[in-house]
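Thanks for coming. I have one model to go through, and I will start as soon as the picture is up.

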Amino acid sequence: MIAMFAITLYYMRKVKLPFVRRVPALDAIEEGIGRAAEMGRPVIASPGIAITGIDYWTVGALSILTHVATLCARSDLRLLVPLGGSEQSYTLVEISRDIVENQYRLEGNPERYNVDDMPFLSGRQFAWASAYVGMLMRYKPAVNVMVGLQWGSAIYIAGVSHEAGSFTISGSDYLANVACLAVASDYVMIGEEMVAAGAYLSKDPVQIASIRTQDIIKAVMAVLLLLGILTLTMGSDIVKVIINT
Amino acid sequence: MSAFIRSREFLLTIIVATSFFIYFPYFVTSPEPLPSIESWLVTTTVVIVSFAVLVSLYTMTRREALRVTKRGKGWPYGLIMIGLTWFMIIVGVISGSSADAFRFCTDAFILPGDATIYAILVFYLTSAGARAFKLKNLESLVLMIGAVTVLLKQAPLGEYLFPYIGPVGSWMVNNVGMAATRVFAISATLGGIVLAVRLLTGKEMAMVGLLSRRKKD
Amino acid sequence: MDIISLIITILATFTTFSLFSILTGVDNPFFALAENIYVGGAVGLTIVVSFTWIVSNVWAKISSNPLANWPLVISLVLGLMMLTRIHPKYSYLARIPICIATGVGVAISTRAIVFSGLLYQIRATIAPIFNLSDPMTSFTNLMIVVFVLTALSFFIYTREIQGPLKVSNKIGRLVLFTAFGALYAQTYMGRVGLLLGRMETLLIPETSLYISVIIVLLILVTIIVLTKYYPETMKKLNP
Amino acid sequence: MSSIFKICATIDRRVWYALIFLLVGYGLLRPVGFPLIVGPEVKQAYAVIESLKPGDVVLINYDISAFGWDEIKGSALSMVPHIFSKEGVKVILFTDQDQGYIYLETTLKQIGSPMKGYDKFPWYEVQGKKYLEDYINIGFIPGFDKAIAALASDFRGVVGRTDWYGNNIEAWLDANGIKSASDINMIVTLDCAGAQGSWVNYWYLPYKTRIVNAMIGVSAPASINSYNVGMLEGIVVSVRGAAEYQYLSKYYGTALISMDAFSMLQFMLIIAMIIGNVGYYFWERKQEKVS
């Protein structure tokens, strides 16, 4: 853990922009909001239901929400954010409101921010989802960005969102749900794409460099795996023992 | 004072300090009071959550009350919603959540609602499947192979008609599915740890978005 | 069936089919009504749950012995700071509890995954691949290793995809998509189980069946008539 | 001809929705009875429970919360009565979820009846087993995996002196010779949150306690993994496994009835995919080429 912290800090200090592959789902956000501006329809975005409080998935989702709010404020669009969804999500409600309000103010468009566009829809996942769906049907937003912790209800929202003609960009925190969302929505974020979105979207070289760390540790893991199998074939489980400790 | 509390450095210090008290006792066996501080912080988060919901209740009541008094579009719905909310709060606070009136509302509206939305997922999974499983390229081919083998394996009739599909389907779930789940876990974990570093250095975009201010503010 | 449970059954069936009415793809007053009742009730329930928790876990301790439980008093003050969000002038105070919640949440969620999400996953993948006595298991183990490595290479972002990496990336992509298909089908199975459970309570016993049929017909006919002949009224009725 | 393909490509999703309702309704009200093949995992689970001897102590864990009940109830309503039907077997009921006791009581209510002279919990008689004679309910212990670990290291200490309802259970535990975790012969865990991992870690590994596991579809991969390695004795996966178990144990229930609707829905999805592809190839693609 400490080693990982150190490597990350080292890379973040060494300001150098390495090659970064495009993430289609994240690039699609900008494209979708551009389309919303052309059509003059609102944008809907959700940072998830935060079942375990503000965890790292939710912070990643908040970064995406920040990005969406900035773009909406810039193009003078209405941003709908259905909030709530679990009994730990109430702090997230206030953070999201604070962040979106701040973005509209930073872009010099504070009068466009309306707290009633970010309603609290109860602390139960499915009540929240049905109200989310109601907003989709009524306001017919051009884009639906649903990220963070999205559980069972995500497929419902993505389905209605498609029927309402919204461009759907989604992400989830467990693979079975990502699989369903991949089938149901236009773009899906897989695994670290959502968590690293903050670094990716910021276009700040220092932060993009932090993505590099993830790749390095992945390589280390691959090497460990191969080494472990090699030693196991030769009859020793030393790598397993090392990992265990 | 207000300028100090608003300052980025102060709020960042809070984040770093709380993170330290959570991380440290987990990795290192540490003496008191560190473990007590850890559990106090966890309790405090729940207290904060419980109070935050009151702000939401306020904004919600204000929104619906305005809609009802100004006779905005769909105001009767707002009246029903806010009426039921306050009815349940008053009953629940005065006579507890096992009161008959409270149980009535839960059994008649909330529990059936939960079960219904859970059941509605099948419909949207079906329409998504009918829409998305089109053989356009190699990816959609393997997507479809994975789905069809597992579907046939699970339906009793499918397993009866195609007896060889069972082991293949199981192999798909147990091995391909598991490998992908593992990689997903590894990827997400790495993302999470690096995000924690960015957060602690105050570079994470959400925090920048929350704390940055315009020059003249 | 006594009268109260009959009323509950009727209301529950009505709520259910009103929520199902979104499947028609039309925004209709039934869905809006059920949605607002459901959300209103759920908000009430969640607030009562929070309130009960505060009273029984925090207030009970503080009121019995405030001096011994002084840390809880600080928690309470931090909680009260959240309420400043109501007034824009003092709302900056709420950022203190917000930052504490964020720090705690992120730290808790990232501290355990180092083991469960990283080391355990690698350890589980290390399995014998040359075992002549059990060739099938060895083959499976080998395939898992190949799948894990190629899928891992799909998640490489900061290196240009070319040469052997490109092949591995392509295979990893296919592995992921096959897994998506399999997991989609598996989820489908689970969800079908839930639909069956729900339909059972709606159709069995016979009283429920009659109630369900009547309510379904009522809702469907009303929606069809309204959309076909009175679209203006429909618009007025919708929120 | 092309008009048929056009219909295939542009079929309204509401047709599928209506079909789902009809198929499920028909399957539930008029079961056809499609053949059911019982998989080796469920056969194994059944055999393990069948092999219980008089004097064995079984701990049943309800890792069940509201969202998963509809899916797991088929397993609960067939495995639990099967265990209770084994003569001389003592049962300890336990839950690691705060709502778990609701479903525990629901199960007992459905498979048992109140003992003579009593009308409320815990005094229920199930398959001839009486409360505080043949089984006890220690209720909810918070902490999830920590609770399971604590039970393993200090069973009597964590359970305490009383059951979930406040009755003294020390005499019962002493009479049945339950002093520590190693005195428990088998664990049956009904999982909605993947509790089997903790049981394996804290019970199977140190004490070699036999574990049988029923779970919902979402947590199936992890359980199958443990089963393949031999750490679980038998697994019952989701509604399908529940139906097989009901078939074997002859505690017929809704899971078995729903299998017909289940088969129909899965075939409907496959047919929907085929029709979609036909429409795509013979109509949609041509339209794309034209435009």
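In chain D, strand β1 (residues 57–63) and strand β6 run parallel and are joined by six bridges. Strands here are DSSP runs of E with at least two residues, helices are runs of H or I with at least four residues, and both are numbered from the N terminus. Two strands count as paired if DSSP finds at least two bridges between them. Within this pair, Tyr62(D) stands opposite Leu190(D) of β6(D).

Before I go on, this is a predicted model: local features need pLDDT of at least 70, side-chain atom pairs count only at pLDDT 80 or more, and totals for chains, interfaces and linings use all residues. Residues are numbered from 1 along each chain as its sequence is written, and chains are lettered from A and ligands numbered from 1 in the order in which they are written.

β6(D) also pairs with strand β7 (residues 210–215) of chain D, again in the parallel sense and over six bridges. There, Thr189(D) stands opposite Asn213(D) of β7(D).

How many of the residues of β6(D) are buried? Six of six, across residues 186–191. Buried means 20 or more other C-beta atoms within 10 Å of the residue's own; 12 or fewer is exposed, anything in between is partly exposed, and C-beta atoms are placed from the backbone. In a regular strand the side chains alternate between the two faces of the sheet. For β6(D), Met186(D), Val188(D) and Leu190(D) are on one side, Ile187(D), Thr189(D) and Asp191(D) are on the other, and both faces are covered.

Next, the core. The largest nonpolar core has 330 residues, and Val43(A) and Val68(A) touch the most other members. A nonpolar core is a set of buried Ala, Val, Leu, Ile, Met, Phe, Trp, Tyr and Cys residues joined through C-beta atoms within 7 Å. Helix α8 (residues 165–200) of chain B gives the largest share of this core, 19 residues. Leaving out residues up to four places away in sequence, the contacts of Val43(A) include Ile33(A), Val68(A), Leu79(A) and Pro141(A). A contact requires C-beta atoms, placed from the backbone, within 7 Å.

Chain A itself has 11 helices and five strands. Of its 245 residues, 65% are buried. Its C-alpha trace spans about 65 × 40 × 30 Å along the principal axes. Among contacts in chain A between residues at least 6 apart in sequence, 72% join residues at least 24 apart.

Last, where chain B meets chain D. The contact involves 28 residues of chain B and 28 residues of chain D. On the side of chain B, α5, α6, α7 (156–161) and α8 each give two or more residues, and α5(B) gives the most, with 10 residues. By class, that side has 16 nonpolar, eight polar and four charged residues. Ala, Val, Leu, Ile, Met, Phe, Trp, Tyr, Cys and Pro count as nonpolar, Asp, Glu, Lys and Arg as charged, and the others, Gly among them, as polar.

That is all I have.

Note on methods. Contact = placed C-beta atoms within 7 Å.
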